[in-house]
Structure formats: C-alpha cells, structure tokens
Amino acid sequence: MESSSDEEEVHTFVQVISEKYNPENFPYGQGLGVVVLPSPPGSPVKDRLFLPSILVLNDCGINKAGDRSDIATFCAHVVELDLSFNQLNDWGEICTIVSNVPHLDFLNLSMNPLSGVELDPSMAEVFSRVRRLVLINTHVSWDTVHTLTQNTPELEELFLSLNGYSAVSQSQTSCPSLRLLQIADNQLQEWTDVRKFGLMYPSLNTLVLANNSVACVGDTQETLQRLFPNLRSINLSNSGLSKWDDVERLNFFPKLQEVKVKGIPLLQPYTTHERRSLLLAQLPSVVVLNGGEVSDGEREDAERFFIRYYQDCPEQELPMRYHVLVSKYGQLAPLAEVDLSPRPTLVDVRWGERVETVSLRLEQTVGDLKKHLKALLQLPTNGIRLFYINREMCSVLGPEEMKFGCRALHSYSIRDGDEILVVPKVKSRCSSSDF
C-alpha cells in the first residue's frame, strides 16, 4: 500500500539545492563554484555545484533541512536566502539551515505555515547575523517575533504583513537596531497598539501600517516625540483616519518627512487636487506625499489654496493652520473666475429674403449646423446647401460652399458678422426656379 502523499513527501533543503544548481544545468558555469567534499554513496551531493550568493529557493516544497555539513559546504558564501512559499513548519529545521549559513544577511520565510509553532529561545541565537527578516503571511506569533528580535542585535528591517494581527503584544526588551517595520494588511485598529512599536523599536525610521483599520493618531505632541524620535516615513493608506486633527498630529513626529495617506475616509469628499493641496498645507515638513516629491512652488500654491478654501468659514471653524498661513501670506483675494469655454460666434443666416442672426459654436461640424438650421428656420427637409461668406473678403473670394458634413466650423475662420447663405439642393438641371 502506498502510504505517502505529496504533502508527506520529504523535500530537504539539500536535495533542492542539489537539483536546482546541479552543474549539468550550467554547462558554462554560473555564480560561485562550491567545492564539495567526498560524499557517501547515494548522497544527492555532486562533485561541484554552482551557487550564487543570493539563493532563491521559493515554492520548492522544502519541509526539512537535510545534512548540516552539506548545508555548510553549499552555503559558506550565501548572504541572502529566499525560502518563501515552502512547507517549513518546524523552527528546528529552519534553525538547522540558518546556523550553517554563516554570512546570512537576508532571510525570507514568507508563506511558510508557522502558525502555532513557537521558536525555542535557546535556539534563536542562530539568527544573530540576520539584518533583514521577512515573515509575511506566516501567522507567526508575537512571542516568536519577540524571541527573534531579542536575538538579532543587528536586525534593521522586519516584515510582518498579512499575519492576522488584531492586537500587538508588547515585548519588555526593545530592539534598538530596527529601522523599518512593515506590518501592513493586518487587523490593527487601536492607536494604543501602534504606540507599542515606539516603545519596542526606539530607532524606527519607517513604519508601514497600510490596510489596517487604525482610526486615529491618538497621542499628544510630547508623547509622540518621545516614542518616535527618529520616524521619517509613515504609511497610513487605507486606514480609518476620518478627522483633520489626526493629520495635524502627524506634525508631532519630530523628523517626519514622508507620508502616505491614500484611501482614508477623511479625503473621500474631496477632489484629487483638493486632497493633495489640503494635505500639503497641513504638513509643512513633509517632502514626499503619497509617493510624490513636493516642490517649493507646489507647497506655496497649496498653502495659498488652503487660505482661500477656508477664508469664508466661521471663525470658530477655522483650523489652526489657517491662522499660521495668513500670518505668512496675509489675507488673499479670491481667485478670479475665468471662463475658458469657447465663445459663441454671431453670424447672419440668409434664406431667400429672410435673415436671422444665429449663435454658432465653432467646435461643431457642418453637419451639426445643417441640423440646427433646419430646426431653427423650419427649412424643408429635402436637403439644403450652405455657403460661407466672409464679409471682409467677399469681393475677392466669393461664397465658399460648406460641402463636407464632418468638417469643423472653426476651420473656416468664421468671425462675428460673417454670413451663411442657405439654398435648397437642385432637384434637376432644368429646375432653375427652385433658387
């Protein structure tokens, strides 16, 4: 009876390396050649493998480490290791791999099933050299996250998106080396959870909170300055921010220069231009907004727009920023409303002895004009011909027939006071009385 299935089949790290980087697949060589010591009969290890220093083994079905000595031989020079989309569900196996990659700087374990699997603190020292750690959609517990951060003294970047976190468990030991935390696409709602990141990661430079339901920025200026003294970039896109007070509080982060707040409820009623202008005017220290750099000219335009936008509001409804900007620019006169729509042109339309002054829109076509004149002048429906007469040049040029229905009227250079002559189409060559 065959008892094994694809899910139960063992795929070791060593086997996958041997298969993927077999020298037979690289007849001209690739990357750094790894000399392999003699191996026992039946070993998957070949005489020589060609391994790059950046090792990508994603979606290979890996669920075990394999022989430690083989890993050490293969990976002596590896600095980046991508093990995403595999089946690793045992931190012991992961530690076996990591402990034998002596120069490991970057480790990606995303999409491995690590939910409910805890890392024994006694094993965590093997991660001490890792500076960038990706744990996206692993559903790794906060206890394991804290175990890792406590044993990675050089950790600078940590990725925890899509892990289903609805709250943050605070570690009593900080990780002062961490500069970037990406924790997007979770279910965080309370600012009290966000503030814990400041306590745990005091050197945090970049915080990505996009696609969480955080509803407010809920601390005082003094608290935010103390918790996030080094924060330069924050991403709150698709969060629950709904008040301008929360945008104003972003100014309390003392070094904040880059902000992303796309898709928040607060900005839904505004046009694209209004959103960017009102945000810029409220965030004087921000130099990159929603991914776009801010020029000095754009900032001044936004601040002037802000003044005009609020200047007719009651005094009690004016934001504090309004008074600051008025002291900078003074009271501004409303912008003049300029109508840039095409100006209608007045021409005389002559039909026999009848003359009517008609307003033309020159973006229309000759065909449009014929339909308009038939309805306006109650002309017969059996067909008409139109002739354009330039009053200033009529003695030289004479009438110009407007033959083509798709031709735009402006192409005739029609001006006020010119004339359109309407005549019926001739039914036969002998029927001259129809003119």
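Start with the ring cluster. In this predicted model, ring pairs join Trp-244, Tyr-270, Phe-305, Phe-306, Tyr-309 and Tyr-310 into a cluster. For the protein, the count of aromatic pairs comes to ten.

I'll take two of these pairs in turn. Phe-306 and Tyr-310 make a tilted pair, with 4.8 Å from centre to centre and 55° between the planes. Why can these two residues be found about one helical turn from each other? Because they are four residues apart in helix α9. Phe-306 and Tyr-310 are both buried.

Tyr-310 also pairs with Tyr-309. That pair is edge-to-face, 5.1 Å centre to centre, with 75° between the planes. Is Tyr-309 buried, exposed or partly exposed? Tyr-309 has a relative accessibility of 32%, so it counts as partly exposed. Tyr-310 has a relative accessible area of 10%, and the cut-off for buried is under 20%, so Tyr-310 counts as buried.

Now the helix itself. Helix α9 covers residues 296-310, and helix α10 covers residues 320-329. Their axes come within 10 Å and cross at roughly 115°. The crossing of α9 and α10 is left-handed.

Which residues make this contact? On the α9 side they are Glu-300, Glu-303, Arg-304, Phe-306, Ile-307 and Tyr-310. On the α10 side they are Arg-321, Tyr-322, Leu-325, Val-326, Lys-328 and Tyr-329. Sorted by type, the contact residues of α9 and α10 are seven nonpolar and five charged, with no polar ones. Note that Phe-306 and Tyr-310 turn up again here: they belong to the ring cluster, and they are also part of the contact with α10.

Where does the charged end of Arg-407 sit? Its place is over the ring of Tyr-412, 3.8 Å from the ring centre.

Last, the protein as a whole. Its secondary structure comes to twelve helices and 18 strands. There are 435 residues in the protein, and buried ones make up 43% of them; Phe-306 and Tyr-310 are among the buried residues. As for contacts, take those between residues at least 6 apart in sequence: 70% of them join residues at least 24 apart.

Tyr-310 has ring pairs with Phe-306 and with Tyr-309, and it is one of the α9 residues in contact with α10.

Key
Residues numbered from 1 in each chain as written. Predicted model: local features only at pLDDT ≥ 70, side-chain atom pairs only at ≥ 80, totals over all residues. Heavy atoms only, no water. Axes fitted to C-alpha atoms, helices over the stretch in contact; angles between N-to-C directions. Left-handed = near helix turned anticlockwise from the far one by under 90°. Contact = heavy atoms within 4.5 Å. Nonpolar A, V, L, I, M, F, W, Y, C, P; charged D, E, K, R; others polar. Phe/Tyr/Trp six-rings, centres within 6.5 Å; stacked < 30°, edge-to-face > 60°. Buried < 20%, exposed > 50% of the residue type's maximum accessible area, 1.4 Å probe, protein only. Lys NZ or Arg CZ within 6 Å of the ring centre and 35° of its normal.
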